[in-house]
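Subject: Structure handover

Hello,

Here is the structure I promised to pass on. My notes follow below it.

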Amino acid sequence: MKYFGGCDVGSTYTKCVILDEKGTMVSDVTIRSKINAEKSSAEALRMACEKLPEVKTPEKLAYLIGTGYGRNKVPSADENISEISCHAMGVHVTDPTVKAIIDIGGQDVKGIAIDTDGTVKNFAMNDKCAAGTGRFYEAMANAFELSLPEFSQLSLTAKNVIPITAQCTVFAESEVITLVGEGKPMDEIAAGIQMAVAKRCFVMAKKAGATDRVTLTGGCAKNAGLKKAIEQVLKLKVVELKTDPQLMGALGAAEYARQKGLEKE
Amino acid sequence: MKDLKHLYYFENLLTEANNELVRQAKAEGGIAVGYTCFHMPEVLLNLDRCFSVRLRAPRTGSMEMATYYMSNSTCEYARALLERGLEGGYRFLDAMAGVDVCECMNRSMENMELLDVADPDKKGFFWCNLDSPCHDNEDAVAHVVEQVTRKVLKPLHENYGVDISDAAIRKAVDEHNEICRLITQIGEYRKLDNPTITGYEFHILTLATYVCPKYLIVDKLRQTLEELKTREPDSKKRFRAKVVLVGSEIDDPELISLIEDSGALVVADRFCYGSIPGRQEIRLTDGEDALTQVVRDYLHATLCVRHVEPHKIQKRLDTAAQLCQDFHADGIIYEQIKFCTYWSYERALASHIMADEYHIPTLSIDRPYMSRTSGQLRTRVQAFVESLEIKKIRAAKAQKEEASHGV
């Protein structure tokens with residue numbers, strides 16, 4: 001049996017997935033990214049390979065593809081593919097009925113429309129700004145002195161939504177502090193933050209042409225409050241993936257590795 | 001590919017506005033005239049002892065001072081020029097030939113003038129702001145002729161004794177045309193199946209022709225053309241797709257480098273500071289004064305998005321499609337510098353029209369003035385290249401299947 005790897009080196013988390021020849025996920029790892037992308041990917045790969053006695057070391061993988069912002073730093077990778085293509089393929093192999101993705105990563109937000117074969121039909125992406133990204137959520141949760149899951153849960157309990165006007169991470173943080181200082185309910189402020197991010201996602205989704213069968217990927221896909229807000233603004237039900245949505249980039253990379261590795265033979 | 005012999009030399013000329021050739025020309029008695037836009041006919045700034053320097057702000061860092069004067073929602077190119085001016089980077093100039101074409105550039109020029117970025121010891125220094133029409137009819141030609149005569153040629157003659165006669169204009173056109181011929185011939189190598197010049201290299205050469213005295217670079221351009229005649233391409237293609245780059249001002253070769261590092265070879269440059277338009281010969285006849293003919297040529301050749309007459313809009317779309325065909329490109333990248341009002345409209349519309357009506361794959365991006373560190377931009381371009389590549393693979397597969405069914 002041959003094995004194929006995908007390593008998604010994101011700005012906050014590094015993910016690694018290993019597939020067998022049939023495309024079954026046989027190993028996966030998610031670790032916090034270090035400042036050095038090469039070290040992050042080496043460690044994630046090592047951990048993922050160690051879970052498989054037949055593989056043990058990354059060099060034994062038949063084909064390896066790097067993706068994410070550190071995609072060209074993955075040691076011993078055969079090639080690198082952009083995370084946009086990889087997310088599309090990862091979602092496609094998980095649920096071929098999905099037509100579009102909103103990917104909220106650590107430092108960017110993307111809207112991706114998927115073609116029938118898992119390739120990218122169209123995409124839109126935010127610019128050099130942390131608004132509406134994982135970094136934004138981390139800053140907001142810090143301002144609330146909560147963990148990210150606690151922050152998400154808090155927003156779900158709100159009966160009203162207090163609109164947040166600033167999208168800039170720095171200004172939004174000061175706006176939140178002002179609102180808290182004014183004694184506004186914390187859960188309603190949290191719901192306002194979720195709505196602000198959902199609106200940003202709405203823009204990306206619309207720009208990419210996402211109208212139907214939309215799913216969320218990236219670390220923020222686990223944020224139930226955000227999912228609810230996105231469903232509200234897009235007026236549709238977000239498709240739940242049966243595999244961890246944070247792994248979609250690495251899974252797509254591994255699937256491309258599988259296809260290319262088998263083709264090479 | 002083996003490095004071009006003079007590439008490093010040309011690259012060095014682009015590291016500052018007052019480069020070694022500008023300094024040399026000035027030491028030889030030349031008059032440096034700064035300008036920023038295609039609408040100021042470049043050839044008219046190269047009369048007699050004058051030479052044109054199209055302004056850039058290489059190695060721009062923070063633009064805080066310019067942002068103070070212009071606000072942060074203005075074009076970064078206009079702000080970068082003001083910042084460089086405030087830093088003293090344009091004090092070598094003997095005149096500044098501005099054009100009233102967009103609000104941001106107007107504000108940049110106005111602030112430069114008010115904040116005295118010019119050298120106060122240059123008694124002949126003058127600022128001008130040419131009114132440029134949005135039409136290309138004969139009224140517009142007459143208007144620009146009057147503007148150029150009064151605001152540029154007359155001060156050059158009165159302040160510096162420059163020969164602005166018809167013969168001087170014709171001589172400048174001849175020199176200009178030689179540069180255009182060389183750049184065009186060099187550019188032809190981008191049409192090869194495996195081009196022997198990259199978009200980055202071509203942009204470096206083209207940029208050098210905008211910012212250096214022409215007579216000081218023409219020999220090295222000739223040598224580069226000769227070198228290209230025998231330059232061997234890489235045996236394995238380094239690029240996965242070919243693209244035409246269309247859009248606003250680009251004077252940062254790093255942007256082309258970023259695109260090419262992401263897998264897309266830039267084979268045609270349809271942007272300000274590029275060669276299309278800007279490096280096409282000007283054909284003069286003897287039946288009319290040279291000045292009028294030059295002005296008419298620039299007005300007809302412009303592909304500037306501030307010209308919104310239907311025939312100009314159509315011409316821009318058709319030109320982009322034609323370039324794709326002529327240079328065998330797989331797609332188009334429409335780019336604009338952030339906060340460029342004109343290009344924000346053009347890019348939004350044209351990127352859809354090219355994809356939907358011309359059926360040419362199109363990527364639309366906006367970018368900062370200096371984009372070398374933009375990871376997002378890199379990802380966008382790479383994803384576009386991957387989609388182009390997949391389309392090519394699919395088309396080849398379909399063709400193969402069709403052929404096998406035929407058999």
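Of the 265 residues in chain A, 52% are buried. Bear in mind that this is a predicted model.

Chain A holds 8 helices and 9 strands. Its radius of gyration is 19 Å, close to the 18 Å that the globule rule gives for 265 residues, so chain A is as compact as a globular protein of that length. The C-alpha trace of chain A spans about 65 × 35 × 30 Å along its principal axes. Take the contacts in chain A with a separation of 6 or more: 68% of them join residues 24 or more positions apart.

Next, the interface between the chains. Here 13 residues of chain A are in contact with 10 residues of chain B. On the chain A side, α2 (83-94) and β8 (120-125) each supply at least two residues. That side of chain A has 6 nonpolar, 3 polar and 4 charged residues.

Now chain B. It is divided into domain 1 (24-164) and domain 2 (237-406). The centres of these two domains of chain B, taken over C-alpha atoms, are 27 Å apart. In chain B, 24 residues of domain 1 are in contact with 29 residues of domain 2. On the domain 1 side, the elements that give two or more residues are α4 (76-86) and α6 (138-160) of chain B. The largest share, 5 residues, comes from α6(B). By class, the side of domain 1 of chain B that touches domain 2 has 15 nonpolar, 5 polar and 4 charged residues.

Best regards

Key:
Residues numbered from 1 in each chain as written. Chains lettered and ligands numbered in written order. Predicted model: local features only at pLDDT ≥ 70, side-chain atom pairs only at ≥ 80, totals over all residues. Contact = placed C-beta atoms within 7 Å. Helix = DSSP H or I, 4+ residues; strand = E, 2+ residues; numbered from the N terminus. Nonpolar A, V, L, I, M, F, W, Y, C, P; charged D, E, K, R; others polar. Domains from an automatic or database assignment. Rg over C-alpha atoms; globule rule 2.2 N^0.38 Å. Buried ≥ 20, exposed ≤ 12 C-beta atoms within 10 Å, placed from the backbone.
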